[in-house]
Amino acid sequence: MFPFAFEWVNDPVHFVFMGSTYTVLICLIIILHYWGIRAFLDLICKKKNGHDEHH
């Protein structure tokens with residue numbers, strides 16, 4: 001099913017399926033990294049302020 005596998009067939013169905021699969025995976029990776037960086041920055045900013053308030 002992958003381009004480096006021997007059973008790969010160059011037809012439009014494979015390209016659409018693999019293109020959509022890789023697009024979804026890349027979007028998920030980008031979103032998860034964004035959330036992780038935001039959580040880390042929020043944690044750093046909360047420590048810097050020194051407030052124990054919950055909003």
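The chat below goes through the fold, the surface and some residues of this predicted model.

Q: How many of the residues count as buried?
A: Of the 55 residues, 5% count as buried.

Q: And the accessible surface, what does that come to?
A: About 5,300 Å² for the chain. Carbon and sulfur atoms hold 74% of that.

Q: Which residues make the nonpolar surface patch?
A: Tyr22, Val24, Leu25, Ile26, Leu28 and Ile30 make a patch of about 560 Å². One of them, Ile26, sits in helix H1.

Q: Switching to His14. Where is it?
A: His14 is in helix H1, which covers residues 12–49.

Q: Is His14 buried or exposed, and why?
A: His14 is buried, because its relative accessible area is 16% and the cut-off for buried is under 20%.

Q: What does the His14 side chain touch?
A: It makes a polar contact with the side chain of Asp11, at 2.4 Å.

Q: Now cysteines. How exposed is Cys27?
A: Cys27 is partly exposed, with a relative accessible area of 40%.

Q: And Cys45, how does that count?
A: Cys45 counts as partly exposed, at 40% relative accessibility. Partly exposed lies between the buried limit of 20% and the exposed limit of 50%.

Q: How many disulfides, then?
A: The count is zero disulfides, with a cut-off of 2.5 Å between cysteine sulfur atoms.

Methods. Residues are numbered from 1 along each chain as its sequence is written. This is a predicted model: local features need pLDDT of at least 70, side-chain atom pairs count only at pLDDT 80 or more; totals for chains, interfaces and linings use all residues. Side-chain values use heavy atoms; hydrogens and water are left out. Helices (H or I, at least four residues) and strands (E, at least two) are DSSP runs, numbered from the N terminus. Buried means under 20% relative accessible area, exposed over 50%, partly exposed in between (1.4 Å probe, protein chains only). A polar contact is a pair of N or O atoms within 3.5 Å; within protein, one must be able to donate a hydrogen and the other to accept it, and residues adjacent in sequence count only if both atoms are side-chain atoms. Accessible areas come from the Shrake-Rupley method with a 1.4 Å probe; for residues, only the protein chains shown count as cover. Patches are made of residues with over 30% relative accessible area and no salt bridge: like charges are joined within 9 Å, nonpolar side chains (Val, Leu, Ile, Met, Phe, Trp, Tyr) within 5 Å. A salt bridge is a side-chain nitrogen of Lys or Arg within 4 Å of a carboxyl oxygen of Asp or Glu.
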